[in-house]
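Have the sequence and the 3D view open as you go.

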Protein chains: 2
Amino acid sequence: MPQYDQYTGFQVKSPETWTEFHKNEFDVKPFGDYDVEIKIEACGVCSSDVHTVTGGWGDQHFPLAVGHEIVGKALRVGPKVTLIKAGQRVGVGAQSWSCLECRQCKNDNETYCAKQMDTFGAVWPETGIVTQGGYSSHVRTHEHWVFPIPDAIPSELAAPMMCAGITMYSPLVRNGAGPGKKVAIVGLGGLGHFGVLFAKALGAETWVISRTHSKEEDAKKMGADGFLATADKGWNEPHKLTFDLIVSTANAFGEEFDLSAYLSILDIHGKWISVGLPENETLQIKPQDLISNGVLIGSSHLGSRREMLEMLKLSADKGIKSWVETVPISAENLGKTMQRLQKNDVRYRFTMVDYDKQFGA
Amino acid sequence: MPQYDQYTGFQVKSPETWTEFHKNEFDVKPFGDYDVEIKIEACGVCSSDVHTVTGGWGDQHFPLAVGHEIVGKALRVGPKVTLIKAGQRVGVGAQSWSCLECRQCKNDNETYCAKQMDTFGAVWPETGIVTQGGYSSHVRTHEHWVFPIPDAIPSELAAPMMCAGITMYSPLVRNGAGPGKKVAIVGLGGLGHFGVLFAKALGAETWVISRTHSKEEDAKKMGADGFLATADKGWNEPHKLTFDLIVSTANAFGEEFDLSAYLSILDIHGKWISVGLPENETLQIKPQDLISNGVLIGSSHLGSRREMLEMLKLSADKGIKSWVETVPISAENLGKTMQRLQKNDVRYRFTMVDYDKQFGA
């Protein structure tokens with residue numbers, strides 16, 4: 001049996017015991033020429049973590065440490081690394097590898113590479129080792145997916161940008177959010193709050209669409225220009241044909257979800273971009289809803305390295321502050337935090353911190 | 001009771017007797033300042049005619065003369081008409097009115113105007129008169145929806161361009177079909193054959209996707225660069241992530257319709273534009289199909305006046321020839337032709353001709 005390096009992290013054993021985290025040691029893939037070894041300082045808590053540990057997104061490789069909104073310090077870099085220097089504060093998001101050679105990779109679409117690998121739960125082909133996430137002492141990642149964090153952004157605020165932030169930033173810039181454009185963000189949660197912050201920073205007129213008015217005050221504090229509550233009868237009527245872009249974080253498309261009403265507020269050829277990935281649900285679209293204003297429905301998956309660096313620069317330049325509740329990392333706190341997230345009991349993102357107390361300085 | 005002018009046309013009495021056409025006289029709205037009066041020479045037969053007379057698209061105002069791919073001669077023009085001269089050969093398509101004042105109308109999106117009216121079956125608000133279509137002696141239409149036909153295009157070939165042609169031309173140009181782009185047309189019928197002719201004329205690499213290989217030879221004659229038959233197992237596998245645009249004329253999204261397979265051949269952020277409007281069917285979309293390559297799904301409705309004129313110029317300049325079977329207009333022939341169209345028994349479009357024999361010279 002080959003001997004591998006080991007890290008320590010908080011793992012879940014199975015979906016049946018998804019609220020129980022266990023501090024284990026686990027094998028790490030060999031340190032590659034392009035790898036960066038990072039001592040983790042903070043990690044945001046993403047709904048993907050919950051979908052994964054509960055089994056909602058299908059079979060996973062357990063035991064597993066989730067967490068893919070990582071910020072920490074680069075301890076050492078491989079001999080061919082040019083993008084990162086040892087000692088830098090850096091981030092790692094949900095993706096940790098792609099081929100970098102295909103047409104997608106060469107066109108800033110590495111998040112759509114057929115060979116992409118996730119930060120946690122992916123099997124490294126050469127060793128069979130399963131990648132482990134950010135509720136761990138360290139992470140070892142190819143430099144392309146390691147991003148220098150500007151000094152202006154504290155680690156606990158930068159962490160959730162690594163997945164939630166880029167998930168919103170990319171569809172906004174790819175679909176023209178900026179001055180003269182009117183953008184709506186559906187759902188004001190961890191994702192949605194970044195949608196508001198970034199759409200506003202990019203110069204777009206920014207609205208929030210939520211079920212009720214309970215988060216209206218927060219939305220305004222984030223900079224939203226307008227707020228619509230779908231519980232208000234006829235909420236869409238005065239706004240028909242006026243929006244250029246809707247980025248939706250809704251991750252359920254049940255029968256009460258009236259897609260037609262949302263699409264009606266889009267101008268001709270406006271776009272509905274969904275970034276919430278539901279569990280086993282099918283989006284039901286009436287062709288008439290598409291044809292009446294020629295709208296387009298799409299989805300978006302994370303964002304490129306180039307966009308990640310742009311997002312961080314924009315955030316530093318404009319002083320964008322993630323709304324974060326910090327939680328000291330521990331087995332108990334991870335269990336509680338996951339359960340709170342499942343109930344959307346957070347405004348608007350958790351970041352696990354105090355790694356030194358669990359993993360040493 | 002006010003006295004209105006009257007035209008003669010072939011009308012259907014009700015969906016129950018949709019194969020029976022009756023030569024009737026009917027009232028015409030008063031001749032307006034911007035109207036053009038056209039003596040009809042030819043009219044293409046569109047699936048919309050069948051959907052309408054069979055009641056498939058819901059309640060209609062019967063008795064009704066359908067037909068909205070009209071070519072004829074402008075007999076006279078209203079005092080404020082500037083776009084058309086009496087004596088010109090002109091066409092009229094599926095739309096005959098919009099406000100021309102709203103943001104949509106002012107941005108070449110008059111086909112999405114909330115006040116749009118159809119060439120047949122629309123109720124004129126001031127008189128309650130229902131517009132009648134092109135299986136008639138004449139038609140009276142606002143100049144904005146009357147298009148000069150270039151001399152190079154015979155009437156029977158120009159007629160089907162007025163609806164089927166523009167329905168394909170608009171989504172192609174709006175979504176960048178041209179040199180360096182790879183375009184697929186789904187379904188080789190009346191719509192699809194124009195998709196091939198125009199995509200090719202615009203300079204795109206053009207493929208046809210059909211159920212079987214039965215129309216492959218025709219597709220190649222139209223200029224198609226490639227042909228895929230979905231009955232071939234794994235038809236999509238070698239083509240994944242290679243197309244920029246799919247324009248689909250499929251008007252059924254039943255369970256056997258594997259949308260996932262089609263979407264898989266689109267490159268990142270490629271577009272699926274549907275121009276077939278099914279009767280009462282819902283498009284079922286798995287979010288995973290959208291997210292894996294970030295594709296967009298949309299629809300398109302006719303095309304603007306500007307695009308109509310561009311399409312006619314392109315067709316004249318490049319010698320594009322619609323594939324048409326001409327049928328002398330008569331009550332009996334209209335019944336037979338509608339039934340043949342319902343069975344897709346045409347390659348690739350019917351045009352009703354010989355109007356003089358029914359309506360005089």
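What follows goes through the cysteines, the salt bridges, a helix pair, a glycine in a strand and some backbone details.

## Before we start

This is a predicted model, so local features need pLDDT of at least 70 and side-chain atom pairs count only at pLDDT 80 or more, while totals for chains, interfaces and linings use all residues. Residues are numbered from 1 along each chain as its sequence is written, chains are lettered from A and ligands numbered from 1 in the order in which they are written, and side-chain values use heavy atoms, with hydrogens and water left out.

C163(A) is in no disulfide either, with the sulfur of C46(A) as its nearest cysteine sulfur, 3.9 Å away.

Are these two cysteines buried or exposed? "Buried" means under 20% relative accessible area, "exposed" means over 50%, and "partly exposed" is in between (1.4 Å probe, protein chains only). C43(A) is buried, with a relative accessible area of 0%, and C163(A) is buried too, at 6%.

## Salt bridges

Over all chains, you'll find 42 salt bridges. To count as one, a side-chain nitrogen of Lys or Arg has to be within 4 Å of a carboxyl oxygen of Asp or Glu. In chain A, D345(A) pairs up with R340(A), and their closest N and O atoms are 3.0 Å apart. Both ends are partly exposed: D345(A) has 38% relative accessibility and R340(A) has 25%. Chain A also has a salt-bridge network, which links D5(A), E37(A), R76(A) and R140(A).

Over in chain B, D218(B) and R347(B) form a salt bridge with the closest N and O atoms 3.3 Å apart. This one links distant parts of the chain, 129 residues apart: D218(B) is in helix α6 (residues 216-222), and R347(B) is in the loop between α10 (331-342) and β18 (349-353). Helices (H or I, at least four residues) and strands (E, at least two) are DSSP runs, numbered from the N terminus. D218(B) is buried at 11% relative accessibility, whereas R347(B) is partly exposed at 43%. Another chain B pair is R340(B) and E325(B), which meet at 2.8 Å, N to O. R340(B) lies in helix α10 and E325(B) in strand β17 (residues 324-328), so this pair ties together parts 15 residues apart in sequence.

## Two helices packed together

Two packed helices are described by the angle between their axes and the distance between the axes. In chain A, helix α4 (residues 164-174) and helix α9 (residues 305-318) pack at an angle of about 100°, with their axes 10 Å apart. Those axes are lines fitted to C-alpha atoms, for helices over the stretch in contact, and angles run from 0 to 180 degrees between N-to-C directions. So α4(A) and α9(A) are roughly perpendicular to each other (under 35 degrees is roughly parallel, over 145 roughly antiparallel, 65 to 115 roughly perpendicular and the rest oblique).

Which residues of α4(A) and α9(A) make the contact? Contact means heavy atoms within 4.5 Å. From α4(A) they include I166(A), Y169(A) and V173(A), and from α9(A) they include M308(A), M311(A) and L314(A). The residues of this contact divide into six nonpolar, two polar and three charged. Here Ala, Val, Leu, Ile, Met, Phe, Trp, Tyr, Cys and Pro count as nonpolar, Asp, Glu, Lys and Arg as charged, and the others, Gly among them, as polar.

## A glycine in a strand

Next, look at G72(A) in strand β4 (residues 70-77) of chain A. G72(A) is buried, at 0% relative accessibility. Leaving out residues up to four places away in sequence, G72(A) touches I38(A), K39(A), I40(A), E41(A), Q88(A), R89(A) and V90(A).

## Backbone details

The peptide bond from R347(A) to Y348(A) is cis, with omega near 5°. Another cis peptide bond joins F62(B) and P63(B), with omega about -5°. P63(B) sits in the loop between α1 (47-53) and β4 (70-77) of chain B.

H269(A) is not a glycine, yet its phi is positive, near 60°. H269(A) lies in strand β14 (residues 266-274) of chain A.

Terms used:
A disulfide is a pair of cysteine sulfur atoms within 2.5 Å.
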